[in-house]
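The entries below follow the order in which I looked things up.

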Amino acid sequence: MKTNSVDFLLNPKKIGDQRIYFLSGNEISMIQGLKEGIVKSFVEKKNNEVLRIQNITLYKNEKSLFSNNKIVCVEEIKGLTEKIISELILKDDVFVFESMNSPSNKKIKSFLASNKNSLLIECYELDKNSKIKIIKAFLNDHNKSLDENIFWYLVDVLDNKYGYLIRELEKINNLNNDTL
């Protein structure tokens with residue numbers, strides 16, 4: 001399946017029972033933010049052990065002494081094929097792949113988008129509507145409010161990269177005022 005990256009970031013409850021999460025695009029800070037959120041969710045909900053590997057050829061289907069399942073973060077898609085994905089879906093472990101956009105991953109992304117046991121999340125720079133959603137959600141989550149002029153000023157001047165936007169919003173959150 002395919003989902004909207006911003007909606008997924010703002011609603012971590014969307015993290016379901018998929019076995020494969022494929023994060024792709026050209027916005028690395030959003031890919032990293034999504035990966036951290038997915039890992040955190042599985043660790044909190046199911047006490048999964050986190051395993052980080054370079055590529056899928058290094059994966060070993062071994063049981064852990066301290067947890068039943070693993071969440072495997074795979075840094076590159078070297079060696080990943082539709083056949084391997086079909087095999088991984090049958091495993092108990094959860095896999096998070098990250099890949100910058102490339103013509104070489106187009107076929108895999110198409111396969112994942114049509115598979116209900118996987119989730120394809122494409123990550124690109126934020127547009128104005130996405131920034132508005134993220135800023136409003138951040139302010140709401142942190143019980144902050146902004147004067148309307150300040151809000152629209154921030155929408156216009158803050159960066160379109162997710163990581164930079166969140167870092168600037170954290171600075172606002174660290175102010176002692178509840179209303180700016």
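Entry 1. I looked up how H5 and H6 lie to each other in this predicted model. Helix H5 covers residues 128-141 and helix H6 covers residues 148-157; I noted an angle of about 130 degrees between them, with their axes 10 Å apart. Angles of 65 to 115 degrees count as roughly perpendicular and those over 145 as roughly antiparallel; H5 and H6 are therefore oblique to each other. I also recorded that their crossing is right-handed.

Entry 2. I then listed the residues that meet. From H5 these are Lys128, Lys131, Ile132, Ile135, Lys136 and Leu139, and from H6 they are Phe151, Trp152, Leu154, Val155 and Asp156. I sorted the residues of this contact into 7 nonpolar and 4 charged, with no polar ones.

Entry 3. I turned to the sheet. It is open and has 6 strands, which I read in the order E1-E6-E2-E5-E4-E3, with parallel pairing. At its edges I found strand E1 (2-4) and strand E3 (49-53), each of which pairs on one side only. On average, and with direction ignored, neighbouring strands are turned by 20 degrees against each other.

Entry 4. Strand E2, residues 20-25, runs parallel to strand E6, residues 118-123, and I noted 6 bridges between them. Opposite Phe22 I found Leu120 in E6.

Entry 5. Which strands does helix H4 touch? I found that H4 (residues 106-113) packs on the sheet and touches E1, E2 and E6. The direction of H4 makes about 135 degrees with that of E2.

Key: Residues are numbered from 1 along each chain as its sequence is written. This is a predicted model: local features need pLDDT of at least 70, side-chain atom pairs count only at pLDDT 80 or more; totals for chains, interfaces and linings use all residues. Side-chain values use heavy atoms; hydrogens and water are left out. Axes are lines fitted to C-alpha atoms, for helices over the stretch in contact, and angles run from 0 to 180 degrees between N-to-C directions. Helices (H or I, at least four residues) and strands (E, at least two) are DSSP runs, numbered from the N terminus. Angles under 35 degrees count as roughly parallel, over 145 as roughly antiparallel, 65 to 115 as roughly perpendicular and the rest as oblique. A crossing is left-handed if the near helix is turned anticlockwise from the far one by less than a right angle, and right-handed if clockwise. Contact means heavy atoms within 4.5 Å. Ala, Val, Leu, Ile, Met, Phe, Trp, Tyr, Cys and Pro count as nonpolar, Asp, Glu, Lys and Arg as charged, and the others, Gly among them, as polar. Two strands pair if DSSP finds at least two bridges between them.
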